[in-house]
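Reader: I am new to this structure and would like to start with one part. Please take me through it closely, then show me what surrounds it.

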Amino acid sequence: MLKEFIKHIQATTQPLLTTLDGHTFIVTADGNAEELRPTIDHPDTLPLNSLDALVKLVCSEAVHAEKPLYITVPDHLTVRCFGQPMAKERFYRQAYYEAGATDVPGWEAKTQMGFEEAQIALRTRFQETDDTLYAMKLLSDISCGAKVVYNDNGIATTVTTQKGVALQTNEQIRPLIKLRPYRTFQEVEQPESIFLIRLNDRGISFTEADGGMWKLKARETIKAFLEEKLAKEAEEGSVIIAL
């Protein structure tokens, strides 16, 4: 009797497998049910480092997949290519490629640096514009140091020391300038931003003054680049490009 009782307990406590509408569920002794979902085999998303690589792979490989393909630009550093949901595979959506602008210097919303360091940055981390040249000339005209003035009236001598920065030319400094830092894929024109500049004895500061609108402009520029390179595929409807 004890042996039969143990067998009965084991049988009633084991999970039960049941099928309903083509789906398999496991039901535990306490009545909880959980669906057994199969693992879907699919290729990994291929990481890319350029828009050119994305275009070539879409033209040579991805266009043979189920149409249409979708290309989106979620941010100024990323482009993603994916397909439609596949009904036979539980509506899994395959992401084929993801291009990332990982090698751009970038530029913070607020940056402060010394005068010499700023001169180098303006030459190496920006696309050249009229205001880039203005900023480089401004930095070259700045003198930084101390001025000592002696006054001797025959009774006592006073010494006055003035420290700070000064322009070698008598010119008013423009507080707002337009610059194009490298902040997105280098294959497209860099978005322009308005920067507020401030000078002190420690250096120069650049503060972004466009509310981050350059990010939207960068995405629109990337989208226009892809629409040009994939014009045939977009016209046929095999590729849909969106922000």
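Author: Start with β8, which is joined to strand β14 (residues 203-208) by 4 bridges, the two running antiparallel. Strands here are DSSP runs of E with at least two residues, helices are runs of H or I with at least four, and both are numbered from the N terminus. Two strands count as paired if DSSP finds at least two bridges between them. The model is predicted, so local features need pLDDT of at least 70 and side-chain atom pairs count only at pLDDT 80 or more, while totals for chains, interfaces and linings use all residues. Residues are numbered from 1 along each chain as its sequence is written, and side-chain values use heavy atoms, with hydrogens and water left out.

Look at Met113 in this pairing. Its bridge partner in β14 is Ile204. Now follow the side chains along β8. Thr111 and Met113 point to one face and are buried. Buried means under 20% relative accessible area, exposed means over 50%, and partly exposed lies in between (1.4 Å probe, protein chains only). In a regular strand the side chains alternate between the two faces of the sheet.

Widen the view. The pair belongs to an open sheet of 5 strands, in the order β8-β14-β13-β12-β9, with antiparallel pairing. Its edge strands are β8 (110-113) and β9 (126-127), and each of them pairs on one side only. Further along the order, strand β12 (residues 176-181) meets strand β13 (residues 193-200) through 4 bridges, again antiparallel. There, Ile177 stands opposite Phe195 in β13.

Salt bridges come next. Such a bridge is a side-chain nitrogen of Lys or Arg within 4 Å of a carboxyl oxygen of Asp or Glu. By this rule there are 7 of them. One is formed by the side chains of Glu192 and Arg180, at 3.7 Å from N to O. Glu192 lies in the loop between β12 and β13, and Arg180 lies in strand β12, so the pair ties together parts 12 residues apart in sequence. Arg180 is buried, with a relative accessible area of 18%. Glu192 is partly exposed, at 34%.

Another salt bridge joins Asp131 to Arg174, with the closest N and O atoms 3.0 Å apart. Asp131 sits in helix α4 (residues 130-140) and Arg174 in the loop between β11 (157-167) and β12, so this pair ties together parts 43 residues apart in sequence. Asp131 is buried, at 13% relative accessible area. Arg174 is partly exposed, at 34%.

A nonpolar core is a set of buried Ala, Val, Leu, Ile, Met, Phe, Trp, Tyr and Cys residues joined through side-chain atoms within 4.5 Å. The largest such core has 22 residues, and Leu54, Val58, Ile71, Val79, Phe185, Ile222 and Leu226 touch the most other members. At least two residues of this core come from each of α2 (51-60), β5 (69-75), β6 (78-86), β7 (92-100), α5 and β15 (239-242). Helix α2 gives the most, with 4 residues. A second, separate core has 19 residues, including Trp107, Met113, Ala118 and Leu139.

Setting aside residues up to four places away in sequence, Leu54 touches Leu48, Ile71, Val79, Cys81, Tyr97 and Leu226. A contact means heavy atoms within 4.5 Å.

β5 and β6 run antiparallel, joined by 4 bridges, and a hairpin connects them through 2 residues. Thr72 stands opposite Arg80 in β6. β6 and β7 run antiparallel too, joined by 7 bridges. Thr78 stands opposite Gly100 in β7.

Last, the whole chain. Its secondary structure comes to 6 helices and 15 strands. Of its 243 residues, 31% are buried. Among contacts between residues at least 6 apart in sequence, 52% join residues at least 24 apart.
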